[in-house]
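These are my notebook entries on a structure that I looked up piece by piece. I wrote down each term where I needed it.

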Amino acid sequence: MNTHDQHGRGRGRTTPGRGRRRLAAAVGAAALVLASGLATPAAAQPARAAQTAQTAQAAQDGKDDKGGKVLTVAVAQSVDSLSPFLAVRLVSTSINRLMYEYLTNYDPKDAHPVPALATRWESSPDKLTWTYTIRSGVKWSDGKPVTAEDAAWTFTTMMTDSGAATANGSFVGNFAKVTAPSPTQLVIRLKKPQATMTALDVPIVPKHIWEKVGDFSKFNNDTTFPIVGDGPFILTDYKPDSYVRLKANKDFWRGAPKFDELVFRYYKDQDAAVAALRKGEVSFVAGSPSLTPAQAASLKGDKNIHVNDAPGRRFYALATNPGARAKNGEKFGDGDPSLLDERVRHALFMAVDRKTIVDKVFQGHAVEGQGYIPPRFSQYFWKPSAGQELAYDPAEAARLLDEAGYKKNTDGKRVGKDGKPLQYRVLCHATDPNDKAVGKYLQEWWGKLGIGVTLDCLDNVTDPWLAGTYDLAFDGWSVNPDPDFVLSIHTCGALPQTPKDTGATDNFICDKTYDELYAKQLAEYDPAKRAALVKQMESRLYDLGYMNVMAYPNAVEAYRTDQIKSITTMPSAAGNIYGQDGYWSWWSAVPADSSGSSGGSSSTGIVVGIVVGVVVVAGLGVLVAVRRRATADDRE
Amino acid sequence: MTTANTPKTTKTSEPGTPPAAAGARDAAARGPRALAWQRRRASAARFWAEYRRHRAGVVGLAALVLFALVALTAPWTVGSDVASVTDAPGRPLQGPSGQFPLGTDQFGRDLLGLVIWGSRVSLLVGLLAAVLSVAIGAVIGITAGHFRGWYATVIMRVTDWFLVMPTLVLAIALATVLSRSLGTVILAIGVTTWPTTARLVRAQTLAVESRPYIERAKALGGGHWHIMSRHVLPNVMPLILAQTTLIISSAILSEATLAFLGLGDPTIVSWGGLLQDAREAGAVSSGDWWYLVPPGIAIAVVALAFTLCGRAVEAVLNPRLGVAR
């Protein structure tokens, strides 16, 4: 039922690959540390950066061998799959956006649906039949025409093959039948009205290529290059965790991109990526999830670098485990039972100073959290009324805890009726510095209330998350212009079938009132009425106290102005560049005339020099000692 | 080994080494226990006199005493509040100034205070991990040297296996699997660095057990436990002490490396953790050197100091090394 939007999976818990990556990076760094004589490991970074620069094949100074213009983007997130049927991560879905055209796209100015592969669309009076007119004259990169039949086949495959439904299956859950009466006409019959029919974020794939695929759940679309597509770029080469290379599609119907080539190059270390940007090895750094305040501040001083600091589309929240359960009613996990008391949740809510988090952790590169949907989506943005707001108020939080029966004992710890002190496990992403930083604040704020906090920072949070073996967790999702997906992940329908299954649910919330509102908004075609319903849902979610939205982090990214003359942000007034709802940024990027690159900053050189010096001194000391000892042992 | 201890249970079995025997004449009336203590005092004094001749060792020891004092007095000089993020006195990432001699970190905390506070964890982990490592190594080395036979073969093959394993990779694997805490880091370092000690101790055990007095002890009915604890252990103890001092420095480095790689407990302030924080805050690329350099230098200096001390102790206890100096 829900229109599962893959862009929403920007930063949630779908990061199992990150763990492996992290370990690999750690092992790599460890090897370097050992090689450099076992000392201050900070020296490993420049070394690694240099290595990446050598191994990556992309051209220097924004030009390839033939003199074409190359746009190089530094990324960190691994590609989970290049198959549009499987890809859920932000990097993969962004690349899918570039490879394949969708039925509709979002306007870069205000994100209203605009024609893409479909030139027009209309619904029948009973709201159950949608007819799309498919653009004629569009060709796949192998010369075959793009027809309505390709679109019909794509949707039908997702409806019939569960392997093909992995990533976007929920879009078609409510589809009854999809047909292509003519090459330019696509007809979709629905079971029930669905408000997201102009926001179907499904890449349309070429039927003549994909019908040969046997098992959609295994095929990752990375066997033959170039990959046949009809988007603004054509993927020509891909090496996992090394690079993704795309060339411009000169025949793209909206117009050819200005750059001849687009390369996503991997930098697992953000500092290395920033150094590469300074050196001109990459044109753009997005950071994962964004540049740190220190990096942004230092890059702002550089002549040829522009720092884009724009309201983001993500929310950053603290999710509470409401007692994990499956659709079949079975309960699992071991969330703290005290969290089932709304007063306790509200007390925790009130003991978090969201303003301090924005000021200190994000250092102003974020907006204080209120409702569920970021203010950037003004249509759906909701904030609590004065009476409803759970503002920072430790005294009131303490009163609520007393009222709920969790009184302080002689050690100053809150103790429940069972005599056990309150101690919460907070699940955090080891790869996200913000999680750790906010965790330190939580430890002190909640510590003053008498509640203990154990910070569980893991590379792979997916396993405990799905098993429900946590009390609270750092959570965050990218929100789409159509909020259906991020709303759907809190419905009872998103719960897993059995404890062993994986559901689309975020943190096992299941609330009847919320579900009723969700069903209503999905069937509501009037935008104003639907927005009102969405706001009611946000209000309900806020009152439940399961999701404490602490901040809406900005997208902080930087690019070289001597390589990129101009680039479209989304929304165009103040918006992000990486991870847009569409291909606007890379498609619109205009290369700069001159592409000279400047050297690295001298201050970095000094730091590296000092650190290397210390390493060498320590290394020599240890080495001498070891050598002398070795001879001693030999004689013994 | 000149510092061989006199077993208290066998009153007349050991004639003792000549210098101790000289002291024994004056103290003959005071009984064997006092005699033993006197001999120990004498050998300690001799040890110190010898140690003082190693200038590098003295410098290392001075540095260690300084760091130990700083770490032990930290609760009174800086206090645990220095690690508090909610009461941070400064703005984030301020450069060194009169108020903050080493600048501030990403939360606005005083870095000088953090480096001082972090010394406690770094030294504690270094010491405990080294003690754990050497304890495992000593037990395995002594038993392997004492029992010989199939037991020694099996246990030494296990030792060899650990010896060829890349230590840091193994420690990373362990720290990843277990939950993130100080105990985990200590365990991860301890159980991966013992094989060298085991090899050294076994060699020394074999040498000690070939001496005639061991045979005599056996003839008088001394069991395995008696021989290992009363005769072998005191004789390998100097070796163990020297080894501990040397392993501490590598344990401190390993702790810093693990914390830097993000495998430590993020809520605990340690030198390696500070480096990791600095890296995550982007201090390297933004040139905030004061965030990186102090913990880095502190790690290097302490590791060097322990190495110098260990070297000097080793040279004193094993005079044959003096030639190589």
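**Entry 1: confidence.** I began with pLDDT, which is the predictor's confidence in each residue, from 0 to 100. I also noted that this is a predicted model, in which local features need pLDDT of at least 70 and side-chain atom pairs count only at pLDDT 80 or more, while totals for chains, interfaces and linings use all residues. Residues are numbered from 1 along each chain as its sequence is written, and chains are lettered from A and ligands numbered from 1 in the order in which they are written.

For chain A I found a mean pLDDT of 82, with 85% of its residues at 70 or more. Before going to the elements I wrote down that helices (H or I, at least four residues) and strands (E, at least two) are DSSP runs, numbered from the N terminus. Among the elements of chain A, helix α1 (residues 16–35) has the lowest mean pLDDT, 40, and strand β9 (residues 243–248) has the highest, 94.

Chain B has a mean pLDDT of 84, and 89% of its residues reach 70 or more. Its residues 1–24 are below 50, and this stretch has 29 contacts in the model beyond near neighbours in sequence. For the complex, the predictor gives an ipTM of 0.75 and a pTM of 0.76.

**Entry 2: the two chains.** How many helices and strands does chain A have? I noted 17 helices and 23 strands, whereas chain B has twelve helices and zero strands.

For burial I used this rule: a residue is buried if 20 or more other C-beta atoms lie within 10 Å of its own, exposed if 12 or fewer, and partly exposed in between, with C-beta atoms placed from the backbone. Of the 636 residues in chain A, 54% are buried, and of the 325 residues of chain B, 47% count as buried.

I also looked at contacts between residues at least 6 apart in sequence: in chain A, 71% of these join residues at least 24 apart, and in chain B the value is 68%.

**Entry 3: the cores.** A nonpolar core is a set of buried Ala, Val, Leu, Ile, Met, Phe, Trp, Tyr and Cys residues joined through C-beta atoms within 7 Å. The largest has 91 residues, and those with the most contacts inside it include Ala74(A), Leu103(A) and Ala273(A). Leaving aside neighbours within four places in sequence, Ala273(A) is in contact with Ala74(A), Tyr267(A), Val282(A) and Val285(A). A second, separate core of 86 residues includes Ile140(B), Ile186(B), Leu200(B) and Ala259(B).

**Entry 4: a helix of chain B.** I followed helix α3(B), residues 55–77, which has 23 residues and reaches 31 Å from its first C-alpha to its last, close to the 33 Å expected at 1.5 Å a residue; the expected span is 1.5 Å times one less than the number of residues.

Where in α3(B) does the kink lie? I found a kink of about 35° at Ala71(B), shortly before the proline Pro75(B), where the bend is the angle between axes fitted to the seven residues ending at a residue and the seven starting there. Just after α3(B), Gly79(B) takes a positive phi of about 80°.

Entry 5: Is Glu122(A) buried or exposed? Glu122(A) lies in strand β4 (residues 118–123), and it counts as exposed because it has 9 C-beta neighbours inside 10 Å.

Lys127(A), in the loop between β4 and β5 (129–134), has a positive phi of about 65° although it is not a glycine. Gln363(A) is likewise not a glycine and has a positive phi of about 45°; Gln363(A) is found in the loop between α9 (354–361) and β14 (366–368).

Finally I noted two cis peptide bonds: one from Phe225(A) to Pro226(A), with omega near -10°, and one from Met570(A) to Pro571(A), with omega near -5°.

Key. Contact = placed C-beta atoms within 7 Å.
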